[in-house]
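Keep the viewer open as you read.

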Amino acid sequence: MFQTVTKIELRLTAQAIISRVRSKWGRPRHLGTTLQNTLKSFVRFTGNGLHSGKPVHMVVRPASADYGIWFRRTDVLIGDTMVQARWDQVEQTQLCTRIVNAAGVSVSTIEHVMAALAGCGIHNALVEIDGPEVPILDGSSADFVQAFLRTGLISQNQAVRAIEILKPVSVVRGDARAELTPASEMHIDFHIDFNDEAIGQQTKGLTLANGSFVRELCDSRTFCSQSDVETMQANGLALGGDPAENAVVFDGDKILSPGGLRHTDEPVRHKMLDAVGDLYLAGAPILGRYSGDRAGHSLTNALLRELFADPDAWRFVECTPSMAARLPGAGVHLAEFPAVA
Ligand SMILES: [Zn+2]
């Protein structure tokens with residue numbers, strides 16, 4: 001028996017078939033969402049590790065959608081050489097962020113390249129490195145950012161997923177505190193208080209969207225007190241530290257680094273840069289407000305562990321174009337790069 005098929009039904013059937021075909025091939029499935037990015041091609045870096053002082057070669061390569069950020073130790077020839085840049089791979093350290101896999105293979109001082117990847121909106125990359133520590137370069141994220149933006153990005157075939165903060169989560173350790181609270185955009189507030197008069201107390205807040213990471217944070221260098229340098233070097237650390245090349249060194253009310261500061265509040269800006277890098281170990285951009293008071297790498301990692309221990313505190317959301325415009329990597333252009341001192 002013949003059934004009567006109306007024009008409307010025919011149109012609906014055709015739409016269902018087209019939708020299924022499009023879904024299989026992917027592309028139109030994410031209309032209305034913002035797509036992930038990777039690099040157009042690989043980028044090379046050469047320099048010394050801050051703590052080891054040893055030369056290292058690093059190549060940041062494009063990676064497929066949903067890959068995330070991984071490191072591969074090319075100098076390790078046996079066993080598992082891959083280490084995922086994720087919060088639960090972080091080994092507790094005070095001076096830098098170190099990730100380690102189950103085989104004990106590690107990569108240290110990843111925070112500045114992670115900040116550059118987050119700040120440029122790069123969601124997928126494989127970082128190959130022939131030593132245990134990322135090169136310190138000038139002590140900031142500037143060289144990474146410039147190289148990434150010069151190389152350029154390509155959009156991929158999957159939507160950006162962000163981590164939306166649903167309720168406040170905080171960690172306190174002595175007089176240090178770090179907190180994540182719900183917010184419609186990625187925002188960072190930071191406060192520091194150092195004994196060296198040349199640093200003292202500094203406070204800054206910044207919404208990380210529309211290129212603000214590149215304009216405001218990416219060129220701020222790592223810093224320390226002269227007394228810390230002596231202690232670290234006595235313990236075999238900061239062997240690659242050089243106040244003329246890759247760190248701002250303070251001694252009381254003096255700045256020992258030739259050329260002085262790039263910003264009057266460069267230290268708090270660098271702490272915010274570190275936080276951007278450490279928060280990217282969440283595995284996706286965060287839609288929420290981070291507040292750090294004298295916080296460091298270890299406390300920010302403890303905060304992520306606290307967050308992910310509570311399934312009611314966060315959720316994944318696919319980013320619409322309007323949401324993605326509020327993420328750290330939105331709208332970044334090389335033209336916005338600051339004139340580095
Ligand atoms: Zn740092």
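Two bits of housekeeping follow. Numbering starts from 1 along each chain as its sequence is written. The model is predicted, so local features need pLDDT of at least 70 and side-chain atom pairs count only at pLDDT 80 or more, while totals for chains, interfaces and linings use all residues.

Now find I136, in the loop between β9 (125-129) and α3. Helices (H or I, at least four residues) and strands (E, at least two) are DSSP runs here, numbered from the N terminus. Why does I136 count as buried? Because it has 28 C-beta neighbours inside 10 Å. Setting aside residues up to four places away in sequence, I136 touches G47, N48, G49, L50, T109, G240 and N246, where contact means C-beta atoms, placed from the backbone, within 7 Å. The C-alpha atoms of I136 and T222 are 9.3 Å apart, though 86 residues separate the two along the chain.

Zoom out for a moment. The protein has eight helices and 21 strands, and 44% of its 341 residues count as buried. Among contacts between residues at least 6 apart in sequence, 76% join residues at least 24 apart.

Next comes helix α3 (residues 142-151), whose buried residues are A142, D143, F144, V145, F148 and L149. They pack against β1 (35-39), β2 (43-48), α2 (111-119) and α4 (212-217). After α3 comes G152, with a positive phi near 90°.

The axes of α2 and α3 come within 9 Å and cross at roughly 40°; axes are lines fitted to C-alpha atoms, for helices over the stretch in contact, and angles run from 0 to 180 degrees between N-to-C directions. On the α2 side the contact uses H112, V113, A116 and G119, and on the α3 side F144, V145 and F148. Those residues split into five nonpolar, two polar and no charged. For that count, Ala, Val, Leu, Ile, Met, Phe, Trp, Tyr, Cys and Pro are nonpolar, Asp, Glu, Lys and Arg are charged, and the others, Gly among them, are polar.

Another helix pair to look at is α6 (residues 266-279) with α7 (residues 297-308), packed at an angle of about 35° with axes 10 Å apart. Here D274, A275, D278 and L279 of α6 meet H297, T300 and N301 of α7. The contact of α6 with α7 divides into two nonpolar, three polar and two charged residues. The buried residues of α7 are H297, S298, L299, T300, N301, L303, L304 and L307, and they pack against β6 (90-91), α2, β12 (169-173), β13 (176-181), α6 and β21 (314-318).

Finally, the core. A nonpolar core is a set of buried Ala, Val, Leu, Ile, Met, Phe, Trp, Tyr and Cys residues joined through C-beta atoms within 7 Å. The largest one has 77 residues, and L117 and V276 have the most contacts inside it. Leaving aside neighbours within four places in sequence, L117 is in contact with I69, I122, A125 and Y280. A second, separate core has seven residues, including I199, C224, A247 and V249.

Technical notes: Buried ≥ 20, exposed ≤ 12 C-beta atoms within 10 Å, placed from the backbone. Contact = placed C-beta atoms within 7 Å.
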